[in-house]
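Visitor: I would like to learn how to read a model of this kind, feature by feature. Could we start from the inside and work outwards?

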Amino acid sequence: MVRRVWIVLLLIGVVLALAVPAGAGKPTCEPGSTHPSCKSDEPDDGPVGLTCAEAEASGFDNVPVEWSADGKWFTFEMNLRTGACVDVMSVEGQWVVDVDVGSARGVSVGIQDSVAPGDACWGGCSGGVEAIFTETGTVVTPVIPAATIDACGVGFSDGADTLTFSASYSGVRKLASPVTVTVTLP
């Protein structure tokens, strides 16, 4: 008999626990609330619509870039860092991208309006064309528009009149031989 009473009490407890609304006890999440359970579920996309210089000033780690005296080409090396970002003023035309992959498994490059997820003119994570080098080589891009505000599209509005060239590599953090990228502008 005692056993049946405990089973009935246990069943009543389970029914009561299930009857409590799922949101009971949670705070109402108003805009600007600092309560931990009011955290936004939206992912942080990092720097959006920024130039490379603005992203670097806000903590984005970048590699040093060497420009030619006439501003017609630039080059950089990646070894201890995972990415590069270069602000570029350019006229409309084809860019020549030369990549020495070093000991990386692959190197991804792209030309966008602004730091990701800016609209892509070519390559990059949001572009229609994958620009991934798995071996050393040279690619001539399709015609890239002149550097202006929203040159690559208006999906992600940006306020800079420069384009960004970005590169990242896959592989170990410290490469036995570095990745070298040289870009010649139109």
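**The nonpolar core**

Guide: The largest nonpolar core has 31 residues, and those with the most contacts inside it are F76, M78, W95, V107, V109 and F165. The elements that give two or more residues to this core are β2 (73-78), β3 (83-88), β4 (93-100), β5 (106-112), β9 (163-170) and β10 (179-184). The largest share, four residues, comes from β9. Please keep in mind throughout that this is a predicted model.

Visitor: What tends to happen to nonpolar side chains in soluble globular proteins?

Guide: In soluble globular proteins, such side chains tend to be buried together. For the chain discussed here, 33% of the 186 residues count as buried.

Visitor: How many helices and strands does the chain have, and what pattern does it follow along the sequence?

Guide: The secondary structure comes to two helices and ten strands, and the pattern, read along the sequence, is α-α-β-β-β-β-β-β-β-β-β-β. As for the contacts in the chain with a separation of 6 or more, 70% of them are accounted for by residues 24 or more positions apart.

**The open sheet**

Visitor: In which order do the five strands of the open sheet come, and what is the sense of their pairing?

Guide: The order is β1-β2-β10-β4-β8, and the pairing is antiparallel. Because β1 (65-67) and β8 (137-144) stand at the edges, each with a single partner strand, one side of each is left without a neighbour in the sheet. From one strand to the next, the twist averages 20°.

Visitor: Which residues of β10 make up its covered face, and which its uncovered one?

Guide: The covered face of β10 consists of V179, V181 and V183, and the uncovered face consists of T180, T182 and T184.

**Aromatic pairs**

Visitor: How many aromatic pairs does a search of the whole structure find?

Guide: The search finds five aromatic pairs. One of them joins W67 and F74, a tilted pair with 4.8 Å from centre to centre and 45° between the planes. W67 is partly exposed, with a relative accessible area of 35%, whereas F74 is buried, with a relative accessible area of 0%. Another pair, W95 and F165, is stacked, with 6.5 Å from centre to centre and 25° between the planes. This pair links distant parts of the chain, with W95 in strand β4 and F165 in strand β9, 70 residues apart.

Visitor: Are W95 and F165 buried or exposed, and which residues form the aromatic cluster?

Guide: W95 is buried, and so is F165. The two belong to one aromatic cluster formed by W67, F74, F76, W95 and F165.

Visitor: Where does T75 lie, and with which residues is T75 in contact once its neighbours within four places in sequence are left aside?

Guide: T75 lies in strand β2, and the residues in contact with T75 on that condition are P64, V65, E66, T180, V181 and T182. Since buried means under 20% relative accessible area, T75, at 16%, counts as buried. A polar atom of the T75 side chain lies 2.9 Å from the backbone oxygen of V181, and a polar contact of 3.0 Å joins the side chains of T75 and T182.

Visitor: Where is S68, and what does its side chain contact?

Guide: S68 is found in the loop between β1 and β2, and, at 10% relative accessibility, S68 counts as buried. The side chains of S68 and D70 are joined by a polar contact of 2.6 Å, and a polar atom of the S68 side chain lies 3.1 Å from the backbone nitrogen of K72.

**A backbone angle**

Notes. Residues numbered from 1 in each chain as written. Predicted model: local features only at pLDDT ≥ 70, side-chain atom pairs only at ≥ 80, totals over all residues. Heavy atoms only, no water. Core = buried A, V, L, I, M, F, W, Y, C linked by side-chain atoms within 4.5 Å. Buried < 20%, exposed > 50% of the residue type's maximum accessible area, 1.4 Å probe, protein only. Pairing = 2+ DSSP bridges. Axes fitted to C-alpha atoms, helices over the stretch in contact; angles between N-to-C directions. Phe/Tyr/Trp six-rings, centres within 6.5 Å; stacked < 30°, edge-to-face > 60°. Polar contact = N/O pair within 3.5 Å; in protein donor to acceptor, adjacent residues only side chain to side chain. Contact = heavy atoms within 4.5 Å.
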